[in-house]
Amino acid sequence: MKRGLFITAEGTDGSGKTTQIKLLESYLKDRGFEVVVTREPGGTKIGEKIRSIILDPDNTKMTYITEMMLYVSARAQLVGELIRPSLEQGKVVICDRFVDSSYVYQGFGRNINIELIEKVNSIALDGIMPDVTLFFDVDPNIALSRRIRSTGADRIEQETMDFHRKVYEGYKKLVSKYPNRIKIIDSNRSIEEIFLDVKENIDKILERCL
Ligand code: TMP
């Protein structure tokens, strides 16, 4: 591959995307690709520091604009330090969340104007967008309770169910806006069944790229 492949995973908290990313990573490595797995917010030393500020349950006074700018800052660092160089080296980059999370969490969840979110993010993205985005579709009620049972709740997960439902509806709208890029993965199934679907989608993209 000349330019690498950029895959992102999206979904409400607890949708199971992280498990699927691990399976996809080993599948692609077995097929001989150089794979870089990263996450947002985070993925770099600076980004992980920003992540801990964002998710700290003590930071109850954080304004929505501060929060948006922190996500954008972590993203700018990740794109510049890791994603762009990896793609230029022909690697496959899999990122657990990316700019779509800002559209749905900050746009639909926090009601920040979408054009404003697009504008500030365009600085961080600097022309980089995913080739394909997998949306792990599961009802937020089920997903969130699963997540909180296993790891406890961070500052965002402590939000009301109304917030998480708005985020979920936001994802649905995004999927209909970008049907070619965003693939829906029905995640109300077993890990194995979900992964078959993931694999099928990625195999199709690889056929086009190779
Ligand atoms: P994670 O739990 O999937 O690692 O994501 C951290 C939280 O940050 C999750 O609740 C989603 C949220 N988030 C945003 O609100 N905006 C963003 O741009 C990103 C990347 C994540």
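**Ligand site and pockets of a predicted model**

View 1. For Arg51, an N or O atom of the side chain is 2.9 Å from a ligand oxygen atom, and for Lys17 a polar side-chain atom is 3.1 Å from one. A polar contact is a pair of N or O atoms within 3.5 Å; within protein, one must be able to donate a hydrogen and the other to accept it, and residues adjacent in sequence count only if both atoms are side-chain atoms.

**View 2. The shell around the ligand.** The ligand is surrounded by 15 residues, each with a heavy atom within 4 Å of it. Asp13, Tyr71, Arg97, Ser102 and Gln106 are the closest. By class, the shell holds seven charged, five nonpolar and three polar residues (Ala, Val, Leu, Ile, Met, Phe, Trp, Tyr, Cys and Pro count as nonpolar, Asp, Glu, Lys and Arg as charged, and the others, Gly among them, as polar). At least two shell residues come from each of α2 (45-55), α3 (64-88) and α4 (99-109); α4 gives the most, with four. Helices (H or I, at least four residues) and strands (E, at least two) are DSSP runs, numbered from the N terminus.

**View 3. The largest pocket.** The ligand takes up the space of the largest pocket (a molecule sits in a pocket if more than half of its atoms lie within 2 Å of its grid points). A pocket is an open set of points on a 1 Å grid over the protein atoms alone where a 1.4 Å probe fits, with protein on both sides within 12 Å along at least five of seven lines; lining residues have an atom within 4 Å of a point. The largest pocket holds about 420 Å³, a volume being the space filled by probe spheres set on the points, which are joined across faces, edges and corners. Its lining has 26 residues, with Lys17, Glu40, Pro41, Arg51 and Arg97 nearest the centre. α1 gives the most to this lining, with five residues.

**View 4. The second largest pocket.** This pocket has a volume of about 270 Å³. Among its 14 lining residues, Gly14, Ser15, Gly16, Thr19 and Arg146 lie nearest the centre. The lining divides into eight polar, four charged and two nonpolar residues.

**Notes.** Residues are numbered from 1 along each chain as its sequence is written, and side-chain values use heavy atoms, with hydrogens and water left out. Local features need pLDDT of at least 70 and side-chain atom pairs count only at pLDDT 80 or more, while totals for chains, interfaces and linings use all residues.
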